[in-house]
Amino acid sequence: MAILKLFLSFLILGSVMAKRRSHIGRRLVDQTWYDAHATFYGDMTGAATMQGACGYGDLFKQGYGLETTALSTSLFNNGLTCGACFEIQCVDDPQWCIPGAGTIIVTATNFCPPNYSKPTGNWCNPPLKHFDLSMPMFTKIAQYKAGIIPVKYRRVLCSKQGGVQFQISGNPYFILVLLYNVGGAGDISGVNIKGSNTGWIPMSRNWGVNWQTATQLLGQSLSFQVTNSDGIMVEFDDVVPSDWQFGQVFDGRINF
Ligand SMILES: *[C@@H]1O[C@H](CO)[C@@H](O)[C@H](O)[C@H]1NC(C)=O
């Protein structure tokens, strides 16, 4: 009886946790509002925001849409911040901020490169904190003619539909996994991979959100342990069947 009760309480705890996960909304990673500036790149189609330094591809197909930003060097953190979500508001610029616009929430999908030879307009050089937004996001909070605006921003949890996605590329000697549609803190700090015939193998980050291993795992079903920057880890068991091929995308089915 006691064991049954224990089992039941685990079940209940499990369903409460699952519920909490699916109702993330605007919960915060860090409630402090920080000062920064914002510009935009590309046009209203967002075509210029596709691909980019985080390693994502077609942002529409991958669920990010136009709600994205590129980050300056100090925010990008060499790609570790890719996938993080930011809430941003236009502040202290009555001429260009749209009154009552509220805030936007964007996912970091690209890098705004510094330019050390340019005499002015070096918004993305360190140590400046800068968001180079998609044009549709920028124009929600400011008039496009503003060019550059002062903003306040804070880190929020990412609210994503469906499971974490695993896109596998590489060759038989080198597996590269792109992880996208990551909820929770959104920025990944560690990934382990496990073949059906191996133990857990730590992956190393290659670039952006591409994680790699040199272990040969063709013909094995694959599992992942993904840890976000806030330390929360989710395990994706056997989400890749043993007949997987390079170039395929697999649905992790659950999310943070
Ligand atoms: C950096 O700035 C210089 C001077 O304005 C410009 O000529 C050059 O094209 C810029 N480089 C990049 C990569 O944008």
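1. Start with a term you'll need: a nonpolar core is a set of buried Ala, Val, Leu, Ile, Met, Phe, Trp, Tyr and Cys residues joined through C-beta atoms within 7 Å. "Buried" here means that 20 or more other C-beta atoms lie within 10 Å of a residue's own; with 12 or fewer the residue is exposed, and in between it is partly exposed (C-beta atoms are placed from the backbone). The largest such core in this protein has 60 residues, and Ile88 and Leu179 have the most contacts inside it. Strand E8 is the top contributor, with five residues. At least three core residues come from each of domain 1 (28-156) and domain 2 (165-251); those bounds come from an automatic or database domain assignment.

2. Before going on, keep in mind that this is a predicted model: local features need pLDDT of at least 70, side-chain atom pairs count only at pLDDT 80 or more, and totals for chains, interfaces and linings use all residues. Residues are numbered from 1 along each chain as its sequence is written. The pLDDT, the predictor's confidence in each residue from 0 to 100, averages 91 over the protein, and 89% of the residues score at least 70. Go carefully with residues 1-25, where the pLDDT is below 50 and the model has six contacts beyond near neighbours in sequence. (Contact means C-beta atoms, placed from the backbone, within 7 Å.)

3. Now the overall make-up. There are three helices and 15 strands, taken as DSSP runs (H or I, at least four residues, for helices; E, at least two, for strands) and numbered from the N terminus. Of the 256 residues, 36% count as buried. Take the contacts between residues at least 6 apart in sequence: 71% of them join residues at least 24 apart.

4. Which strands close into a barrel? Six of them do, in the order E1-E5-E2-E4-E3-E6, with mixed pairing; two strands pair if DSSP finds at least two bridges between them. E1 (residues 28-41) and E5 (residues 130-134) run parallel, joined by five bridges, and Tyr41 has Ser134 as its bridge partner in E5. E3 (residues 85-90) runs antiparallel to E4 (residues 104-111), with four bridges, and also to E6 (residues 149-156), with six. Have a look at Phe86: it stands opposite Val106 in E4 and opposite Arg155 in E6.

5. The open sheet is worth a look too. Its five strands come in the order E11-E12-E8-E7-E15, with antiparallel pairing. At the edges sit E11 (204-207) and E15 (249-251), each pairing on one side only. Seven bridges link E7 (residues 165-171) with E8 (residues 174-180), including the one between Gln167 and Leu178.

6. Most residues other than glycine have a negative phi, and most peptide bonds are trans. Asn78, in the loop between helix H2 (73-76) and E3, has a positive phi near 60°. Asn181, in the loop between E8 and strand E9 (188-195), also has a phi near 60°. Is each one buried or exposed? Asn78 counts as exposed because it has 12 C-beta neighbours inside 10 Å, whereas Asn181 counts as buried because it has 22. Lastly, Pro126 and Pro127 are joined by a cis peptide bond, with omega about 5°; Pro127 lies in the loop between E4 and E5.

Technical notes:
Two residues are in contact if their C-beta atoms, placed from the backbone, lie within 7 Å.
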